[in-house]
Amino acid sequence: MINVQQTGNAELMEFSVTIEETNGHTRHQVTMSQSTYKELTGTKVSPSECVEAAFKFLLDREPKESILSHFDITVISTYFPNFERDLLNYL
């Protein structure tokens with residue numbers, strides 16, 4: 001289960017994310033600018049739903065323990081160049 005809590009709502013939004021599975025949990029701090037949010041979603045979903053979709057994308061590619069504990073959502077494209085295109089499938 002992915003639990004996303006938005007903790008900041010400035011130009012650079014902040015999120016606290018917990019991933020819970022039967023073999024334990026991990027915690028992550030994620031940032032996302034308002035402009036990145038608009039580019040990724042066209043504002044058709046909430047910022048929290050966008051972050052949750054990003055974690056679903058990541059979990060399909062790596063275990064929760066491999067996900068960085070603190071990062072900006074734009075970093076995902078560094079590791080997975082198809083992130084922005086494929087994210088639409090998770091929204």
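I take a charge to sit over a ring if NZ of Lys or CZ of Arg is within 6 Å of the ring centre and within 35 degrees of the ring normal. With that in hand I looked at arginine 61, which lies over the face of phenylalanine 57 at 3.6 Å from the ring centre. I note at the outset that this is a predicted model.

**Helix α2**

I checked the length of helix α2 (residues 47-59): at 1.5 Å a residue its 13 residues should span 18 Å, and the end C-alpha atoms are 19 Å apart, which agrees. I then listed the buried residues of α2 and found Pro47, Cys50, Val51, Ala53, Ala54, Phe55, Phe57 and Leu58. As a reminder to myself, an α-helix has 3.6 residues a turn, so residues three or four places apart point the same way.

**Aromatic pairs**

How many aromatic pairs does a search of the whole structure find? I count four from that search. One of them is formed by phenylalanine 55 and phenylalanine 71, a tilted pair with 5.9 Å centre to centre and 40 degrees between the planes. Because phenylalanine 55 lies in helix α2 and phenylalanine 71 in strand β4, this pair ties together parts that are 16 residues apart in sequence. Phenylalanine 57 and phenylalanine 83 form an edge-to-face pair, at 5.1 Å centre to centre and 70 degrees between the planes. Phenylalanine 57 lies in helix α2 and phenylalanine 83 in helix α4 (residues 83-87), so here the parts tied together are 26 residues apart in sequence. I find phenylalanine 57 buried, with a relative accessible area of 0%, and phenylalanine 83 counts as buried at 1% relative accessibility. I also recorded that ring pairs link Phe57, Phe80, Phe83 and Tyr90 into a cluster.

**Phenylalanine 71**

Returning to phenylalanine 71, I placed it in strand β4 (residues 70-72), and I count it as buried because its relative accessibility is 7%, under the 20% cut-off. Leaving aside neighbours within four places in sequence, its contacts are Gln29, Val30, Thr31, Phe55, Leu58 and Ile76. I also looked up histidine 28, which is 43 residues from phenylalanine 71 along the chain, and the two C-alpha atoms are separated by 8.1 Å.

**Strands β1 and β2**

I found that strand β1 (residues 2-9) and β2 pair in the antiparallel sense over seven bridges, and that a hairpin joins β1 to β2 through two residues. Glycine 8 stands opposite glutamate 14 in β2. Threonine 18 has its place in strand β2 (residues 12-21) and, at 13% relative accessibility, counts as buried. Beyond four places in sequence, I see threonine 18 in contact with Met1, Ile2, Asn3, His25, Thr26 and Arg27.

Definitions and conventions:
Residues are numbered from 1 along each chain as its sequence is written. This is a predicted model: local features need pLDDT of at least 70, side-chain atom pairs count only at pLDDT 80 or more; totals for chains, interfaces and linings use all residues. Side-chain values use heavy atoms; hydrogens and water are left out. Helices (H or I, at least four residues) and strands (E, at least two) are DSSP runs, numbered from the N terminus. Buried means under 20% relative accessible area, exposed over 50%, partly exposed in between (1.4 Å probe, protein chains only). Contact means heavy atoms within 4.5 Å. The expected span of a helix is 1.5 Å times one less than its number of residues. Two strands pair if DSSP finds at least two bridges between them. Rings of Phe, Tyr and Trp (its six-membered ring) pair if their centres lie within 6.5 Å; planes under 30 degrees apart count as stacked, over 60 as edge-to-face and the rest as tilted.
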